[in-house]
Amino acid sequence: MGSFADLPSSRSPTLALVQPTEAELRDQQSKNGEAWKGALSLDAYLRRELFLANQGLARNDGLTAWALVDTAAKERVVLSGCETLRKKALVAKDGEVKEVLCHGVGSVFCPSEFRGRGYAGRMMQELGERLQTWQAEEKECLFSVLYSDIGKDFYAARGWHPFPSSHISVPPATNDKNTLSANATLPQSRPLYAEDLATLCALDEKLICYHMTKLANRGKYSVALVPDVETVQWHHAREEFISNELYGKKPDAKGAIVGNEPGKRVWCYWTRMWYNKDPQNSEENTLHILRLVIEDPAVSDFDHQDSANAASQVATAVASLLVAAQAEAAKWTMGAVDIWNPTPSTVAAAQMVHPSAVEVHRDQESITSLRWYGEDPDRAAESIDWIGNEKYGWC
């Protein structure tokens, strides 16, 4: 392509959304890697992207790369690009719960030399329309999601409406005697390992279906991304690659569980994210609780409106899980443990282990956003309840 003045308008009819070639994708990743590689070298970042593209969630066209290009240009270049991950989802309304298709949008990036000309906006406009029918031969696609790190307005203007985006944080474990004494009164947790995930994820899916059935007659749509084992494993594959690069080893504990009696257990999965370029510096590094599961249907509430009674029954168990997460955070140079969109019982649990913990409502980073393809899409934020809006859905 010639000079900057030769670039097409973002409204040009010759712009089109296509799948990039391998060379184009590699070039795009090399450019976005400078901003997104975190603690990794650029070479390691590129190898990580290839590694993740071969995980179960991404295989068999689960991952799609997209590029906005000028079809009239003599030499094709990627003006803006992104990726989507195909996800399993559920929608409940009018007494019915049905499995649908969802796409998670990530890696939205416009090369610096093309910024300020509206290409990312044009790409997202085209993508939002395309995803409604993309890969929807067998299952209907009723919504797509993304997690904005540039606030709420840009994506909202293109159909992805912001939903509640909050978290509560506790610090990594310390050797403070008062803290250790208080934690000793909590129920005992035990670690979860990779071999535990498939059974628990399958059970979790059944629990979500059960609770969405209860919500299906409220007059509003309820939607949920399914935290299936492929989704959880994708997050763990990501952390294992990075930890192996930084420390030459991989974490074993994938979460923790409290209780032994089926139907009465509480468990969580987590993942570690390293952002600090110094492997020995914990600042900005975060252990995220991917998914918190309360198995008992008498106290579990996927509507994030759990009662005071439910909160009192599960808070100590959740606190025990957070203590286990704190220990892992300290072990793996994490600066904090975060859990997204906490219920009252989770807030109470966090304050048991860290009394000054408060729920933070985000307005710039990781804004959970949803584009609805069903009826009345412009009122999605008002007419839809996003159930289980937790970190496992992030991509």
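Predicted model: local features only at pLDDT ≥ 70, side-chain atom pairs only at ≥ 80, totals over all residues.
Let's start with Lys254, which forms a salt bridge with Glu239, their closest N and O atoms being 3.7 Å apart. A salt bridge here is a side-chain nitrogen of Lys or Arg within 4 Å of a carboxyl oxygen of Asp or Glu. Lys254 sits in the loop between α7 and β10 (255-258), while Glu239 is in helix α7, 15 residues away. Both Lys254 and Glu239 are buried; that word means under 20% relative accessible area, with exposed being over 50% and partly exposed in between (1.4 Å probe, protein chains only).

Residues are numbered from 1 along each chain as its sequence is written, and side-chain values use heavy atoms, with hydrogens and water left out. As for the names, helices (H or I, at least four residues) and strands (E, at least two) are DSSP runs, numbered from the N terminus.

The salt-bridge count comes to 22. One of them is between the side chains of Arg47 and Glu245, at 2.9 Å from N to O. Arg47 lies in helix α2 (residues 42-52) and Glu245 in helix α7 (residues 229-247), so this pair ties together parts that are 198 residues apart in sequence. Arg47 is partly exposed, at 33% relative accessible area, and Glu245 is partly exposed as well, at 34%. Another salt bridge brings together Asp385 and Lys220 (3.3 Å, N to O). That one links Asp385 in strand β16 (residues 384-386) with Lys220 in the loop between α6 (197-215) and β9 (221-225), 165 residues apart.

What about a charged residue with no such partner? Asp70, found in strand β2 (residues 63-70), is buried yet has no salt bridge, and the nearest side chain of opposite charge, Arg122, is 8.8 Å away. (Lys and Arg count as positive, Asp and Glu as negative; His and the chain ends are not counted.) The side chain of Asp70 does make a polar contact of 2.6 Å with that of Thr14. A polar contact is a pair of N or O atoms within 3.5 Å; within protein, one must be able to donate a hydrogen and the other to accept it, and residues adjacent in sequence count only if both atoms are side-chain atoms.

Now for the strands. Seven of them form an open sheet in the order β8-β10-β11-β12-β13-β7-β14, with mixed pairing; two strands pair if DSSP finds at least two bridges between them. β8 (189-192) and β14 (359-361) stand at the edges with a single partner strand each, so one side of each has no neighbour in the sheet. His167 has Val360 in β14 as its bridge partner.

Elsewhere, strand β15 (residues 367-372) is mostly covered, with six of its six residues buried. Ile367, Ser369 and Arg371 point one way, and Thr368, Leu370 and Trp372 the other. In a regular strand, side chains alternate between the two faces of the sheet. Strand β5 (residues 141-148) runs antiparallel to β15, joined by six bridges, and Phe143 stands opposite Trp372.
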